[in-house]
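Biologist: Could you walk me through reading a ligand site in a model?
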Amino acid sequence: MIECVYCNERYDDNEIVYNCKKCGSVLEVLIDVDISKDVFECRKNTLWKYKEFMPVDETKIVSLDEGGTPFCKCDKLAKELGIELYVKVEGSNPTGSFKDRGMSVGITKTLELGVDTVGCASTGNTSASLAAYAARASLRCVVLLPSGKVALGKLAQAMFHGAEVLSVNGNFDEALEMITQLALEKHLYLLNSINPYRLEGQKSIGFEIIHELGWESPDRIILPVGNAGNISAIWKGITEFYNAGYMKEKPMMTGIQAEGASPIVNAFRKNSREIIPVENPETVATAIRIGAPVSSIKALGAIYDSDGYSETVTDDEILIAQKEFAQKEGIGVEPASAASIAGLKKLVNVGEIDKGEKVVCVVTGHLLKDPEIAIDACVKPIKIDANAEKLRSILLKR
Ligand SMILES: *Cc1c(COP(=O)(O)O)cnc(C)c1O
Ligand SMILES: [Zn+2]
């Protein structure tokens with residue numbers, strides 16, 4: 001069953017519907033699982049480890065072994081901040097971002113529905129992921145990207161996996177509006193995060209964090225927020241594990257946005273559940289360059305219900321955190337992902353995060369997604385002749 005999060009109108013599992021037909025709000029898939037957590041031990045470490053929580057036909061699964069990503073304890077950074085810190089490294093998914101979790105479930109649902117064309121609007125990673133999973137399932141794939149605003153690695157992936165790539169003379173929000181119209185006319189199955197099955201896959205990030213911590217909740221989960229699907233999905237997963245009796249506490253959900261694209265933070269500061277869209281969102285973190293997040297109502301619900309928080313970071317703070325994190329902890333992430341680390345530092349500094357808190361930061365995408373940003377942030381390599389004497393003179397100089 002699919003249910004409207006606002007008016008509770010219900011829809012059948014096999015109806016293709018993205019927004020509530022009565023009130024226009026977003027939908028979610030209702031789950032009813034009654035199973036011992038012991039069944040999850042000894043299974044292969046992918047998101048399908050938790051298949052009982054995935055509302056799709058098990059015989060049609062399309063997977064690239066997504067999920068089961070590294071969960072790294074980061075003691076150096078933790079010590080500086082006076083907290084306990086773990087990082088969920090989503091860049092280690094098959095196409096380099098958490099979007100793969102959503103696409104695995106979303107594409108499986110596509111096969112169940114018998115649709116032959118899928119599509120999305122994307123700031124990059126959604127298109128990279130959809131292109132790969134559509135290829136694996138032999139589906140036609142159409143992706144809309146805002147012209148000139150997509151990181152090089154992501155564009156390469158979408159093109160190379162054989163998607164029909166359209167470069168839109170407009171921003172992400174406009175591209176999403178266009179393709180949604182075509183989806184409503186049933187020309188394609190839309191796999192943006194408005195699609196509730198996408199979020200069913202992404203909730204496995206929450207499952208894995210709880211399982212990794214020995215069925216205990218961290219005090220807080222921090223992640224970057226763009227279209228706001230992921231924070232909503234993780235909270236749904238956490239709530240499902242809590243309701244199943246697998247854990248006793250829940251974490252404070254903490255969403256970080258870039259200063260130039262922060263409608264959720266603006267609403268949070270007014271204690272409101274309604275956002276005012278940002279007209280021309282701007283940030284170096286292209287994956288969260290979104291002015292009208294479709295899952296804002298769910299995301300703000302997650303933040304309020306969990307006694308969480310929401311804060312902005314500047315582009316400078318993002319780029320500094322990205323580089324520091326790579327050089328201190330050895331984990332390379334794209335700018336949007338570094339927003340969670342920058343946000344962590346800011347919230348510790350202002351005293352919003354207490355000393356000793358157990359924090360999990362979700363870093364959402366791989367460093368190599370955006371190689372141009374990485375290269376621009378570093379000094380150029382030193383040119384040297386092929387000669388040991390030259391090498392010695394350089395190495396001994398420091
Ligand atoms: C998609 C994406 C985000 C934003 O996630 P939302 O679900 O849109 O809030 C953040 N970081 C990266 C790397 C992404 O690909
Ligand atoms: Zn409704």
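Modeller: Let's go through the site of ligand 1 step by step.
This is a predicted model, where local features need pLDDT of at least 70, side-chain atom pairs count only at pLDDT 80 or more, and totals for chains, interfaces and linings use all residues. Residues are numbered from 1 along each chain as its sequence is written, chains are lettered from A and ligands numbered from 1 in the order in which they are written, and side-chain values use heavy atoms, with hydrogens and water left out.

Biologist: How many residues surround ligand 1?

Modeller: A residue is near a molecule if one of its heavy atoms lies within 4 Å of it. Here 17 residues surround ligand 1, and Lys99, Asn125, Asn227, Asn230 and Thr364 are the closest.

Biologist: Which atoms of lysine 99, glycine 229 and asparagine 230 lie by an oxygen atom of ligand 1?

Modeller: A polar contact is a pair of N or O atoms within 3.5 Å. Lysine 99 has a polar side-chain atom 2.6 Å from a ligand 1 oxygen. For glycine 229, a backbone N or O atom lies 3.2 Å from an oxygen atom of ligand 1; for asparagine 230, a backbone N or O atom is 2.8 Å from one. Taken alone, ligand 1 exposes 380 Å², and the protein buries 97% of that (Shrake-Rupley method, 1.4 Å probe).

Conventions. A polar contact is a pair of N or O atoms within 3.5 Å; within protein, one must be able to donate a hydrogen and the other to accept it, and residues adjacent in sequence count only if both atoms are side-chain atoms.
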